[in-house]
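Please open the model in a viewer and keep the selection tool at hand. The stops below are meant to be followed in order.

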Amino acid sequence: MPTRKLQRRREFGTVRKLPSGRWQARYLGPDGQRHKAPETFDTKTDAQDWLNLVRADIERDHWRDPDAGAINFEKYALRWMEERGLAPTTVDRYDGLLRLHLLPAFGSKDLDEITPPSVRTWRAERLKATGATTVAKSYRLLKAILQTAVDDDLLRTNPCRIKGAGREEADERPTATVEQVFDLGDAMGPRWRLMVLLGAFASLRPEELAELRRHSVDLDECSLRITHASPELTNGRRVTGDPKSRAGKRTVYLPDFLLPELRRHVQWFAEKEPDGLLFIGEKGAPFRRSTFGRKWRKARTKMGLPDNFRFYDLRHTGNTLAADTGAKLKDLMVRAGHSSERAQLIYQHSTARHQRKLAQGIDAEVRERLGEAPPGVRRSAREA
């Protein structure tokens, strides 16, 4: 009885010898398209070994289209931003990081051309050119974009693999003393004095101050209701919306020494309509960062404060004073408008009574540090 020949297993893909003498490997992928190895091989065996590895990836469902990452990084990054539904301020910040730090290096590359070595080289060069905090923010944005490319099966792995590269380790911010805060307010002039005092002793953000209105003020309670914020984008456009976080909507109780300041400002400088803005310029225009910034820099120089002292740093004075009163962490978070998902804070509550007591503690702390009634109180007494 004639013996049957064993049927040879069908080979996966094909190999061929090129005129150069090297070997090329090709195969039909699960997508129905013909693909070839990204490089040629010295021998036919090397080419066949590569095909065997590809076949194994397909059988284990680990295969990825080798051409999937051939998408321009700039186009993908811009689409990534559009699809995120980001807040205007976040779009503004990401746009600056992309334009100034990422696109000059990666804008012309395809996603699969961005490699771990190229990311390391880019980061090292950026650290020589700009601050570590900006580089960390840029790295986090790059990593987030490329991680989405991994999730979209456009990349096998994320090339951003530098441990700790996205962590910000900013220098400790300068803090103004109580005396310096009052002197800064004097240097800014009567129209902007209250803004400085609220930035410090009420821990209000600049964008929250910009959107304060007459109906935000409760003179009987000596408090402010924060419901909206108006951050200014780099193009000068203001975007009015909710505060920075959910905790940003809050009632801030003010220390009593601010009541005369608040009453006087509402009477002299606020818009007259019930919903009129609390802070407007000399010509009646809404608060502008550029105009205020010029005055701020002059006042800061006059006071001898460092050039890196920002208006936002006034919050450090207020937060430190509030902490010195012995307030609970949750009370401090409510006052400053901070959010946290830490489990132990879920069961802590900050009542209006606690907030009123905290404001009184700041009042007493400021009076003690000055050794007398604050300047605003003395002036109000004379004016009365």
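Select Asp186 first: with a relative accessibility of 35%, Asp186 is classed as partly exposed, a class that lies between buried, under 20% relative accessible area, and exposed, over 50%, computed with a 1.4 Å probe on protein chains only. The model is a predicted one, in which local features need pLDDT of at least 70 and side-chain atom pairs count only at pLDDT 80 or more, while totals for chains, interfaces and linings use all residues. Residues are numbered from 1 along each chain as its sequence is written, and side-chain values use heavy atoms, with hydrogens and water left out.

**Salt bridges**

The side chains of Asp186 and Arg193 form a salt bridge, 2.4 Å from N to O; the term requires a side-chain nitrogen of Lys or Arg within 4 Å of a carboxyl oxygen of Asp or Glu. Is Arg193 buried or exposed? Its relative accessibility is 6%, so Arg193 counts as buried.

Next, select Glu211 and Arg213. These two residues form a salt bridge whose closest N and O atoms are 2.9 Å apart. Glu211 is buried at 13% relative accessibility, whereas Arg213 is partly exposed, with a relative accessible area of 22%.

Move on to helix H13, residues 352–370, which contains both Arg367 and Asp363. Helices are DSSP runs of H or I with at least four residues, strands are runs of E with at least two, and both are numbered from the N terminus. Arg367 and Asp363 are four residues apart, about one turn of the helix, and their side chains meet in a salt bridge of 2.7 Å, N to O. Arg367 is partly exposed, with a relative accessible area of 30%; Asp363 is buried, with 10%. To display a network, select Asp186, Arg193, Glu261 and Arg264, which are joined by salt bridges that share partners. The whole structure contains 18 salt bridges.

**Helix H7**

Select residues 190–201, which make up helix H7. Its 12 residues should span 16 Å at 1.5 Å a residue, and the end C-alpha atoms are 17 Å apart, in agreement with that value; the expected span is 1.5 Å times one less than the number of residues. How many of the 12 residues of H7 are buried? The count is 11 of the 12, so H7 is largely enclosed by the rest of the structure. Among the buried residues are Trp192, Arg193, Leu197 and Phe201. After H7 comes Ser203, which has a positive phi near 55 degrees.

Turn now to residues 44–59, helix H1. H1 has 16 residues and reaches 23 Å from its first C-alpha to its last, close to the 22 Å expected. Colour Ala47, Leu51 and Val54, which are buried in H1. They cover an arc of only 60 degrees around the axis, which puts them on the same side of H1; the arc is taken from the directions from the helix axis to the C-beta atoms. The face turned away from the buried side carries the exposed residues Thr45, Leu53 and Glu59. Asp61, which follows H1, has a positive phi near 60 degrees.

What covers the buried residues of H1? The cover includes strand E1 (14–17) and strand E2 (23–28), where contact means heavy atoms within 4.5 Å. H1 lies across E1, E2 and E3, running at about 25 degrees to E2. Axes are lines fitted to C-alpha atoms, for helices over the stretch in contact, and angles run from 0 to 180 degrees between N-to-C directions.

Show the three strands together: they form an open antiparallel sheet in the order E1-E2-E3. Two strands pair if DSSP finds at least two bridges between them. E1 and strand E3 (34–36) stand at the edges, each with a single partner strand, so one side of each has no neighbour in the sheet. Neighbouring strands of this sheet are turned by 25 degrees against each other on average, direction ignored. E1 and E2 pair over four bridges, and Arg16 has Gln24 in E2 as its bridge partner.

**The sheet E4-E5-E6**

For the last stop, select the open three-stranded sheet with the order E4-E5-E6 and antiparallel pairing. Strand E4 (217–218) and strand E6 (250–253) are its edges; each has a single partner strand, so one side of each is left without a neighbour in the sheet. Strand E5 (residues 223–226) is joined to E6 by four bridges. Finish on Arg225, whose bridge partner in E6 is Thr251.
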